[in-house]
Amino acid sequence: DIIGSVNQNLANYPGTHSAMSIGAGVYLGLTNVSALNFYVQTKATADSPYTLVSEAGFLRCNAAAGNMTVNLPAAIGNGRLVTIKKIDSSGNTVTIDGNGSETIDGATTKTLTVQYQVIQFIDAASGVWDVINYGP
């Protein structure tokens with residue numbers, strides 16, 4: 001059972017190592033895998049328009065003082081997952097704008113209009129963001 005063997009070997013692998021070799025010359029760098037690479041940010045109307053940075057994986061938007069725009073970086077097809085949430089109860093909007101003519105499920109923009117509405121999307125291909133979840 002190859003999978004069981006690999007899982008058993010990984011379970012016994014010391015947590016202090018930063019990399020390991022598997023098989024003949026396959027080298028895996030364990031330090032490259034980190035949930036800390038994508039962190040939470042909170043932005044407000046004063047930050048608008050805001051361009052999403054590569055480190056942000058979850059963006060909380062407070063549009064209480066006015067409408068906001070969040071500009072997406074260029075989609076390159078790297079599988080990056082991004083979540084944006086409107087956290088205030090005002091009638092102001094949070095507009096998510098694709099880079100240049102890039103699309104988000106075929107549209108150049110998506111808009112969050114109510115408190116706790118969220119959009120989650122993935123950098124699916126060059127020039128394309130695919131929506132995974134969109135709703136209140």
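Leaving aside its neighbours within four places in sequence, which residues is Thr-45 in contact with? In this predicted model, local features need pLDDT of at least 70 and side-chain atom pairs count only at pLDDT 80 or more, while totals for chains, interfaces and linings use all residues. Residues are numbered from 1 along each chain as its sequence is written, and side-chain values use heavy atoms, with hydrogens and water left out.

Thr-45 sits in the loop between strand 3 (39–44) and strand 4 (50–51); strands are DSSP runs of E, at least two residues, numbered from the N terminus. Its contacts (heavy atoms within 4.5 Å) are Asn-62, Ala-63, Ala-64, Ala-65, Gly-66, Asn-67 and Met-68. Thr-45 is buried at a relative accessible area of 18%, buried being under 20% with a 1.4 Å probe and protein chains only.

Turning to the core, the largest nonpolar one (buried Ala, Val, Leu, Ile, Met, Phe, Trp, Tyr and Cys joined through side-chain atoms within 4.5 Å) holds 19 residues, and Val-70, Ile-84, Val-94, Ile-96 and Phe-121 have the most contacts inside it. Strands 5 (56–62), 6 (68–71), 7 (81–86), 8 (94–97) and 11 (118–125) each give two or more residues to this core, with strand 5 supplying the largest share, three residues. Beyond four places in sequence, Ile-84 touches several residues, among them Leu-59, Cys-61, Val-70, Ile-96 and Phe-121.

As for charges, there is one salt bridge (a Lys or Arg side-chain nitrogen within 4 Å of an Asp or Glu carboxyl oxygen). Asp-88 pairs with Lys-86, the closest N and O atoms being 2.8 Å apart. Asp-88 is buried at 6% relative accessibility, and Lys-86 is buried at 0%.

Methods
Helix = DSSP H or I, 4+ residues; strand = E, 2+ residues; numbered from the N terminus. Buried < 20%, exposed > 50% of the residue type's maximum accessible area, 1.4 Å probe, protein only.
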